[in-house]
Amino acid sequence: MTDPIKAQNWVLQRVQPHLQTRITCITVGNEVFKTNDTQLWSNLLPAMQTVYSTLVDLGLDKQVTVTTAHSFDILGVSYPPSAGAFRQDLGEYLHAILNFHAQIKSPFLINAYPYFAYKDKPNEVPLDYVLFQPNQGTVDPITNLKYDNMLYAQVDAVYSAIKAMGHTDIEVRVSETGWPSRGDENEVGATPENAGLYNGNLLKRIEEKQGTPAKPNVPIDIYVFALFNENLKPGPASERNYGLYYPDGTPVYNIGVQGYLPELVYSSASSKNALSVSSLVILVIAYLISA
C-alpha cells in the first residue's frame with residue numbers, strides 16, 4: 001500500500017465511515033518480520049507512511065494513528081529486561097520505523113505470549129510466574145528491578161531495545177496476549193484453568209492501571225487475544241482455542257472476574273443469528289503492505 005490512491009480509497013471505504021466505533025489505530029501488517037520476505041520488510045515503512053499521509057490529508061490523523069504489530073521474536077536478547085535488544089538483521093528496518101513512531105507519536109506494538117515460553121520449557125519457567133500468580137519473581141541483575149510476571153519483563157525488554165536505538169519517547173503497547181484453553185498433547189499448559197487465571201489476573205492488573213517495573217507511571221495498554229475461538233484456523237489445536245467465548249456467545253471458561261467482559265446476547269430470528277457485543281474497544285488491523 002505504497003500507492004497514495006489505493007491508500008486513500010482504503011481509508012475512505014474502510015475507516016472513515018466507521019469512526020463512530022472508536023477506531024483509534026490502523027496497524028499496517030501483522031508480524032511482518034516473522035516472514036523471510038525482505039521485500040515485504042522494505043515495503044513496511046513506506047506503507048505506514050503512505051497511510052499516515054492519507055490520514056493527514058483527510059484530517060483524521062489526530063483521531064487515528066498508524067503503527068504495525070510485531071512478534072516478540074524480533075528481539076535477539078530479552079533477558080534480563082534491561083539488556084533487551086532487537087535482532088541485528090532487523091536493525092536498519094526497525095531504526096527507521098522507530099524514527100517514524102517518534103515523528104508522529106504513535107505506539108510500538110508487540111504481540112507477547114508468555115504461554116510460548118512456558119510451553120517450550122515447562123521445567124524451567126515457573127507456571128505461577130507466567131500466570132500472574134503469587135511467586136518469588138526474578139530480579140534484573142543490572143537494574144535490581146523485581147519482576148513478578150513474565151509479561152512485564154517482556155514489555156520492559158522491548159523498551160530497552162528501543163532505548164538502545166536512541167529513543168525514550170515511544171510508548172510500547174501489547175497488541176496481542178492471551179492463553180489457550182486447549183491444545184495438542186505436546187502443548188503443555190493449554191487448559192481452561194490456566195487460561196482463566198492468565199486472563200483474569202491480567203484484567204485485574206489492567207483495571208489497576210499498572211505500569212511495568214521500568215515504567216511504573218505508564219499504565220500498559222493491552223489487547224487480549226481473542227474474543228472468540230476460531231474453529232477454522234490452521235495449525236496446532238491451541239491456535240483455535242484462545243477465545244474467551246464460543247461463537248454462540250457462551251464463555252469458554254470462568255474468567256473469575258465479574259463485570260470485566262462485555263455481555264454477549266445471542267438471539268435467533270427469521271433463521272438469522274445476531275450477536276451484539278457492548279463495551280468493546282475496536283482495533284482495526286489493516287493488511288495493506290502488498291495490496
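Author: Let's begin with a term: a salt bridge is a side-chain nitrogen of Lys or Arg within 4 Å of a carboxyl oxygen of Asp or Glu. As background, side chains of opposite charge can pair when their charged atoms come close. Here, Glu171, Arg173 and Asp221 are linked in a network of such salt bridges.

Reader: Before we go on, what kind of model is this?

Author: This is a predicted model, in which local features need pLDDT of at least 70 and side-chain atom pairs count only at pLDDT 80 or more, while totals for chains, interfaces and linings use all residues. Residues are numbered from 1 along each chain as its sequence is written, and side-chain values use heavy atoms, with hydrogens and water left out.

Reader: How many salt bridges does the structure hold, and where do Asp221 and Arg173 lie?

Author: The structure holds 9 salt bridges. In one of them, the side chains of Asp221 and Arg173 meet at 3.7 Å, N to O. Asp221 lies in the loop between helix H7 and strand E9 (222–224), and Arg173 in strand E8 (residues 172–177), so the pair ties together parts that are 48 residues apart in sequence. Helices (H or I, at least four residues) and strands (E, at least two) are DSSP runs, numbered from the N terminus.

Reader: Which parts does the pair of Asp148 and Arg205 tie together?

Author: The side chains of Asp148 and Arg205 form a salt bridge (3.2 Å, N to O). Asp148 sits in the loop between strand E7 (146–147) and H6, and Arg205 sits in helix H7 (residues 192–207), so parts 57 residues apart in sequence are tied together. Asp148 is partly exposed at 32% relative accessibility, whereas Arg205 counts as buried at 13%. Another salt bridge joins the side chains of Arg87 and Asp89 at 2.8 Å, N to O. Arg87 is partly exposed, at 22% relative accessible area, and Asp89 is partly exposed too, at 40%.

Reader: Now the whole chain. How many helices and strands are there, and how should I picture the inside?

Author: The chain has 7 helices and 12 strands. Of its 291 residues, 47% are buried. In soluble globular proteins, nonpolar side chains tend to be buried together. A nonpolar core is a set of buried Ala, Val, Leu, Ile, Met, Phe, Trp, Tyr and Cys residues joined through side-chain atoms within 4.5 Å. The largest one here has 74 residues, and Phe33, Phe86 and Phe108 have the most contacts inside it. Helix H6 gives the most to this core, with 10 residues.

Reader: What does Phe86 touch?

Author: Contact means heavy atoms within 4.5 Å. Setting aside residues up to four places away in sequence, Phe86 touches, among others, Leu94, Leu98, Phe108, Val158 and Met165.

Reader: Leu94 and Leu98 are in H3. How does the length of that helix check out?

Author: The expected span of a helix is 1.5 Å times one less than its number of residues. The 14 residues of H3 (residues 91–104) should span 20 Å, and the end C-alpha atoms are 20 Å apart, which agrees. Just after H3, Lys105 takes a positive phi of about 60°.

Reader: What does H3 pack against?

Author: Its buried residues include Tyr93, Leu94, Ile97, Leu98 and Phe100. The buried residues of H3 pack against helix H2 (38–57), strand E2 (65–71), strand E4 (85–86), strand E5 (108–111) and helix H6 (150–164). Take Tyr93, buried at 18% relative accessible area. Beyond its neighbours within four places in sequence, Tyr93 is in contact with Phe33, Thr38, Trp41 and Ser42. Tyr93 and Phe33 are 60 residues apart in sequence and 9.5 Å apart in space, C-alpha to C-alpha.

Reader: Where is Pro180, and what does Pro180 contact?

Author: Pro180 is in the loop between E8 and H7 and counts as buried at 0% relative accessibility. Leaving aside neighbours within four places in sequence, Pro180 has contacts that include Tyr115, Ala195, Ser238 and Tyr242.

Conventions
Buried means under 20% relative accessible area, exposed over 50%, partly exposed in between (1.4 Å probe, protein chains only).
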